Amino acid sequence: MMCSLANWPRKVAQAGLLGLFILISLAVHAQDDEFRVDSFKPVPILTGSTAYFTRVTAGQYQDAPTVSPLLLLPMGDKWLLEAKGSYSDTFSKNAQGDYNGAISYGMAYGQIDYIANRYMTFVAGRFTTPFNIYGERLAPNWIRALQPNPLTSPVTSGSGLGGMIRGGFSGTDSLNVTYAAYFSANNTHHLLATDRSTGGRLGFFLPRQRLEVGASFQQVLQADRPHSSGVFLEWQPNRAPLTVRSEYVRSSGTKGSAYWIESVYRLSQIPSLRRLELVGRGEQFFAASNLSAATVKKLGALGKDTNEGDFGMNYYLRSDVRASASYGRQFVLGRNANLWTIGMTYRFIMPMLPQGGAR
Amino acid sequence: MKMKLFLAAFLVASALSLGLMANASSAKDAPKDSPAPTVSAEQSAQNENMRVEGEKRFRSNCGRCHAAPTKFPPRMMATIVRHMRVRATITDQDMRLILRYMTE
């Protein structure tokens, strides 16, 4: 009896998993014929962004040109290959006053997507883990409202190598439901490292209120097997050109917990300033309790409680060219710092075939 | 143990969501995708409704994360919308309306 009681979550999980796959199979079978290609045949595209930013962090200057190309290769009606890389060369002053450069490069994601039906897409390869909204949607430097990463970023595993099921559907006319579930294998390659982990996200979007809320979880299946859970919110009131976003994440391991809340206000009601948006973000990081001095040293930025406030502005010279500047103040015990950032981003996009734009 | 409970709850929630999805009728989507042979006044009114709806979906989905881009050639838009459908989990109905709006 005790044994069966102790195992019931496993049984519920197995039953849920079985039900999920039966429903998936039924949905695939039922909807296969309904998905049809739209009138336009998609073409391969090379897109992405370039950026040049000067950062001053606690008095230390850094100049960082970056390029992040993204190849989109559609195949047939239902397949899409996505590959995104990044390359940056960070120059900073050494003690003699000379600039030294440090090159870094990597692959953000390289995945193949199969759109099984209108509700479900299968993803395989290296992907960004579907945890809350920042990593998947807001991280590209031409999208993010403030260039410094939020303090929630290092708390969870950001990339996965394996498979994922994801999709969205309209529950009713006034509610969209989105979901994602994944499994990732361990990979120790120095450029493509991933953890063996599983997790997912469930989101609810109210189109009329323009409000999205959701929750995520992640279970790492190696080392000390920490799990993380998080919630997110994004709201754009209909009456004002304002966006409010927030994320909260909590980890059971040594990585602590954190949250941020950000508001972006576009001055579209003032004709001469309609291309300008003002941004503010407040965030806090709470280090895990009972960390030893050695662990704190090993964790670095994740070892101490941190408070941070950032203010910035973005000016859209065109829809694809943006100038940005921000100031932040970081409060860490014994090491407060000013964070200045100024630079530009350019989002490029081009078809990979000569007749790419033609019908 | 807590994690197992959480995992079980998530799987059950996913199964329930998919059940809801399976029940969601595609009938309400179909008329929007397939233009009915009607008189031109009705057709133009329908087109205008589709355009307004497409713009609304565009602003609520795409504008949630980034500034509105300019319109691109239709075949490029088809690729972009497919990419965003996966990345931002845009629903199939929204994707079609957005594609229609962005290629008009």
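Predicted model: local features only at pLDDT ≥ 70, side-chain atom pairs only at ≥ 80, totals over all residues.
Reader: Which residues of helix 4 of chain B are buried?
Author: They are Pro74(B), Arg75(B), Met76(B), Met77(B), Ala78(B), Thr79(B), Ile80(B), Val81(B), Arg82(B), Arg85(B) and Val86(B). A residue is called buried because 20 or more other C-beta atoms lie within 10 Å of its own.

Reader: What makes the reach of helix 4 of chain B close to the one expected?
Author: Helix 4 (residues 74–87) reaches 20 Å from its first C-alpha to its last, and 20 Å is expected at 1.5 Å a residue.

Reader: Why are helix 4 and helix 5 of chain B called roughly antiparallel?
Author: The axes of helix 4 and helix 5 (residues 92–102) cross at roughly 150°. Angles over 145 degrees count as roughly antiparallel, and therefore the pair is given that name. The axes come within 10 Å, and the crossing is right-handed.

Reader: Which residues of helix 4 of chain B meet helix 5 of chain B?
Author: Met77(B), Ala78(B), Val81(B) and Arg85(B) meet Met95(B), Ile98(B), Leu99(B) and Met102(B) of helix 5. By class, this contact has 7 nonpolar residues, no polar ones and 1 charged.

Reader: Why is helix 3 of chain B called roughly perpendicular to helix 5 of chain B?
Author: The axes of helix 3 (residues 40–61) and helix 5 come within 8 Å and cross at roughly 110°. The range for roughly perpendicular is 65 to 115 degrees, so the term applies to helix 3 and helix 5 of chain B. Their contact has 6 nonpolar, 2 polar and 6 charged residues.

Definitions and conventions: Residues numbered from 1 in each chain as written. Chains lettered and ligands numbered in written order. Helix = DSSP H or I, 4+ residues; strand = E, 2+ residues; numbered from the N terminus. Expected span 1.5 Å × (residues − 1). Buried ≥ 20, exposed ≤ 12 C-beta atoms within 10 Å, placed from the backbone. Axes fitted to C-alpha atoms, helices over the stretch in contact; angles between N-to-C directions. Parallel < 35°, antiparallel > 145°, perpendicular 65-115°, else oblique. Left-handed = near helix turned anticlockwise from the far one by under 90°. Contact = placed C-beta atoms within 7 Å. Nonpolar A, V, L, I, M, F, W, Y, C, P; charged D, E, K, R; others polar.
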